[in-house]
Amino acid sequence: MAKNIMIQGTMSNAGKSLLCAGLCRIFKQDGYRVAPFKSQNMALNSFITESGGEMGRAQVVQAEAAGIAPDVRMNPILLKPTTDVGSQVIVNGQVQGNMKAMEYYQRKREFVPAVMEAYKALDEAYDIVVIEGAGSPAEINLKQEDIVNMGLAKMVDAPVLLVGDIDRGGVFAQLYGTVALLEPEERARIKGTVVNKFRGDKAILEPGLKTLEELCGCPVAGVVPYVTVDIDDEDSLSERFHRPQGRRLIDIAVVRLPRISNFTDFAPFERYDSVSVRYVQAPEELAGADMILLPGTKSTIADLMWLRQSGLEAAILKAASARTLVFGVCGGYQMLGQRVSDPDQVEAAGVTEIAGMGLLPVETVFHGEKVQTQTSGTFQEIPGRLAGLNGLHYTGYEIHMGRSGDRQNPVLCRDNVYGSYVHGIFDAPGVADTIVKALCREKGVDAGQLQSFDPAAYKEQQYDKLAQAVREGLDMDLIYRILNREV
């Protein structure tokens, strides 16, 4: 039977996911077999496991930090928003259908056996399970049917660390206010509070920390510094959308679709000092870009309509006609085709058929059964500017409801427009290098200043960097005493 510890937050984006990843890495470094767990995750960034199951990327990151393969049991319920009031519901890696928020809320208890079965499997296989909550445990309108915060903590008898985000301000009110709204038995589960994302001298906080301990009735388990690590983000709260928009030697524009998903596909390009990766939402922002990337989306048709209405489609067509390199992934690939059909209203966009952008010779038809598979191979017969990819290995995964004909090659190309269903297609060694060098040649600039890197080694360095910051910020003696039920 595993020991467990649960990280809950005062709000969304308080840093729970990365803190859990840091703890997973620390416990691994300390010689334990550790696994992450989040009973219910809501995110558009997902991943396909080796067995073909779909799970939230946050738990994939945490599994990687723990040195183990991602498993859908680490995230038994995944909600992927399809509209403002509904989501696709995925249980144990498989789609159960679309539900409106109220319907899911009313039926949530039906999924408790699946949650507990998944947790039990991890409980039996590992030494420590690091559990992540969602949002805040003080959402008093949702507490009755809670299966992801204190409700789950009770079901699996987990001690809790409550995390507040000082970078967003009001951290003392965040932490004490959350504790004050909990029931007495829930408060008793909180064994420590954590001030997260702190910039500055901890000594400045000391008077407030002492008062916080008195008010909350539990110790402050640590002050974790604000740390910049290049680790996949979970959802659209990603800080990368708000980075400075300056242009560098090579400029890449990613269209920020309203329902953007798996935008981490483009992270490899962000690791070059001479490359700018800008997330854009207006036609004028595409002007002068060396490459335009169309990302995945949870609703291809709705986002294609948005592209059309916003003027971005016309800007992309103009850029493509001017020989700008355009590359679409998954939903972005579908948009680049001749037509998108949804006769059974799989996407619930209210449209059964819509013309595509007409840049690739492909038509897409949506079906009720989702394609969920990992894939790998060697690039072959890729023409044009990206012919240098031929012979390189690629790895990734496919996750889509639409079918776009029989495809033997992972990449479809016509002139300077490329498309692929493979998420993670730019991750393998040499792939991003080859594309950036091709952009340099086209622009007439020296590609010699680009530095290649080993993505796998780089990722390990980032997890170690995160673990060091978390280890230095937390009272690890207290953490282990909490794990051993000594507190």
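Figure 1. The 50 positive and 62 negative charges of the chain have mean positions 1 Å apart. Lys and Arg are counted as positive and Asp and Glu as negative, whereas His and the chain ends are not counted. Each charge is placed at NZ of Lys, CZ of Arg, CG of Asp or CD of Glu. The structure is a predicted model, in which local features need pLDDT of at least 70, side-chain atom pairs count only at pLDDT 80 or more, and totals for chains, interfaces and linings use all residues. Residues are numbered from 1 along each chain as its sequence is written, and side-chain values use heavy atoms, with hydrogens and water left out.

**Figure 2. Overall fold and dimensions of the chain.** The chain contains 14 helices and 24 strands; these are DSSP runs numbered from the N terminus, with helices (H or I) of at least four residues and strands (E) of at least two. With a radius of gyration of 23 Å, close to the 23 Å that the globule rule gives for 487 residues, the chain is as compact as a globular protein of that length. The radius is taken over C-alpha atoms, and the rule is 2.2 Å times the number of residues to the power 0.38. Along the principal axes, the C-alpha atoms fill a box of roughly 65 × 50 × 40 Å. The accessible surface comes to about 19,700 Å², and 48% of this belongs to carbon and sulfur atoms; areas come from the Shrake-Rupley method with a 1.4 Å probe, and for residues only the protein chains shown count as cover. Among contacts with a separation of 6 or more, 75% link residues 24 or more positions apart, a contact being heavy atoms within 4.5 Å.

**Figure 3. Strand β10 and its parallel partners.** In strand β10 (residues 160–165), 6 of the 6 residues are buried, so the strand is largely enclosed by the rest of the structure. Val-160, Leu-162 and Gly-164 point one way, while Leu-161, Val-163 and Asp-165 point the other way. Strand β1 (residues 3–9) pairs with β10 in the parallel sense over 4 bridges, where pairing requires that DSSP find at least two bridges between the strands. Gln-8 has Leu-162 of β10 as its bridge partner. A further 6 bridges join β10 to β11, also in parallel; here Val-160 stands opposite Ile-190 and Leu-161 opposite Gly-192.

Figure 4. Strand β11 (residues 190–198) has 8 of its 9 residues buried, so it is largely enclosed by the rest of the structure. It is joined by 4 bridges to strand β12 (residues 220–225), and the two run parallel. Phe-198 has Pro-225 of β12 as its bridge partner. Thr-193 lies in β11 and is buried, with a relative accessible area of 1%. Beyond its neighbours within four places in sequence, Thr-193 is in contact with Leu-162, Leu-175, Leu-212, Cys-218, Pro-219, Val-220, Ala-221 and Gly-222.

**Figure 5. Gly-86 in strand β7.** Gly-86 belongs to strand β7 (residues 86–91) and counts as buried at 10% relative accessibility. Residues up to four places away in sequence aside, Gly-86 touches Pro-81, Met-99, Lys-100 and Ala-101. The C-alpha atoms of Gly-86 and Ile-26 are separated by 37 Å, the two residues being 60 residues apart along the chain.

Note on methods
Buried means under 20% relative accessible area, exposed over 50%, partly exposed in between (1.4 Å probe, protein chains only).
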